Amino acid sequence: GSSDNVRNTSADGAMIEPSADDRRAIWLRIPGVEQHVLPGIEAIASADRSFDPKEFIEGAKAAYEMIIMSFAAGNRAALRDLLAKDVYESFVAAIADRESRGDTVDTTFVSIDRAVIDDAQLRGGTAQMTMRFQSKLITATRSSDGRIVDGNPDKVVDMIDVWTFARETSSRD
């Protein structure tokens with residue numbers, strides 16, 4: 001049939017691994033997966049049999065929104081769990097700088113219009129996936145006296161962000 005399941009069964013019920021061509025055809029039907037990233041996706045999938053590009057993209061979109069909103073709210077605990085140490089430290093420095101001025105950020109996450117895997121690589125035991133997000137946000141930074149010092153609370157802004165997600169393939173996290 002025309003199922004998107006990656007594993008099929010034979011007449012006797014035994015599991016059949018799909019061919020590389022079948023996997024590639026299935027992966028190319030996933031919005032956000034393009035031909036040039038297939039070798040990297042294959043390498044990651046061979047190191048981590050549970051890897052699913054469609055689930056990865058959905059998880060990356062959720063993490064992207066969570067990180068944007070946590071940064072705006074100054075939620076260091078949420079960011080600590082989602083970011084690599086060096087990225088976390090730069091985000092915290094920006095939050096501390098903003099707080100030292102008494103500024104606050106109001107952000108409304110409007111939409112993710114497009115999420116595409118730009119690059120996929122297996123480096124040692126680490127899967128690295130670079131995502132390009134096209135999103136819409138409403139954001140305004142206000143000073144302690146309520147003046148708008150950056151952004152516009154009435155304007156939707158188009159954003160393009162490129163983020164790299166990494167995970168040890170042996171990790172379930």
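Biologist: Which residues touch the most other members of the largest nonpolar core?

Modeller: Of the 33 residues in that core, Val33, Ile41, Phe56, Ile117 and Met131 touch the most other members, a nonpolar core being a set of buried Ala, Val, Leu, Ile, Met, Phe, Trp, Tyr and Cys residues joined through side-chain atoms within 4.5 Å. At least two residues each are supplied by H1 (20–28), H2 (38–47), H3 (53–73), H5, S3, S4 (126–142) and S6 (157–168), and the largest share, 7 residues, comes from H3. Helices here are DSSP runs of H or I with at least four residues, and strands are runs of E with at least two, numbered from the N terminus. This is a predicted model, in which local features need pLDDT of at least 70 and side-chain atom pairs count only at pLDDT 80 or more, whereas totals for chains, interfaces and linings use all residues. Residues are numbered from 1 along each chain as its sequence is written, and side-chain values use heavy atoms, with hydrogens and water left out.

Biologist: What makes H1 and H2 roughly perpendicular to each other?

Modeller: Their axes, which are lines fitted to C-alpha atoms over the stretch in contact, with angles from 0 to 180 degrees between N-to-C directions, come within 11 Å and cross at roughly 115 degrees. Angles of 65 to 115 count as roughly perpendicular, under 35 degrees as roughly parallel, over 145 as roughly antiparallel and the rest as oblique, and H1 and H2 are therefore roughly perpendicular.

Biologist: Which residues of H1 and H2 meet?

Modeller: Ala20, Arg23, Arg24, Trp27 and Leu28 in H1 meet Leu38, Pro39, Ile41, Glu42 and Ala45 in H2, where contact means heavy atoms within 4.5 Å. Isoleucine 41, leaving aside its neighbours within four places in sequence, is in contact with Trp27, Val33, Phe51, Pro53, Ile117, Ala120 and Met129.

Biologist: Why is glutamate 42 called buried?

Modeller: Buried means under 20% relative accessible area, exposed over 50% and partly exposed in between, with a 1.4 Å probe and protein chains only; glutamate 42 has 19%, so it is buried. Glutamate 42 is in helix H2, where Leu38, Gly40, Ile41, Ile44 and Ala45 are among the other buried residues, and what covers the buried residues of H2 includes H1, H3, S3 and S4.

Biologist: With which side chain does the side chain of glutamate 42 make a polar contact?

Modeller: The partner is the side chain of arginine 24, at 2.6 Å. A polar contact is a pair of N or O atoms within 3.5 Å; within protein, one must be able to donate a hydrogen and the other to accept it, and residues adjacent in sequence count only if both atoms are side-chain atoms.

Biologist: Why does aspartate 103 count as buried?

Modeller: Aspartate 103 has 10% relative accessibility, and therefore counts as buried. Aspartate 103 lies in the loop between H5 (85–100) and S3 (104–123), and its side chain is joined to that of arginine 101 by a polar contact of 2.9 Å. Not counting residues up to four places away in sequence, aspartate 103 touches Arg98, Thr141, Arg142, Ser143, Ser144 and Val149.
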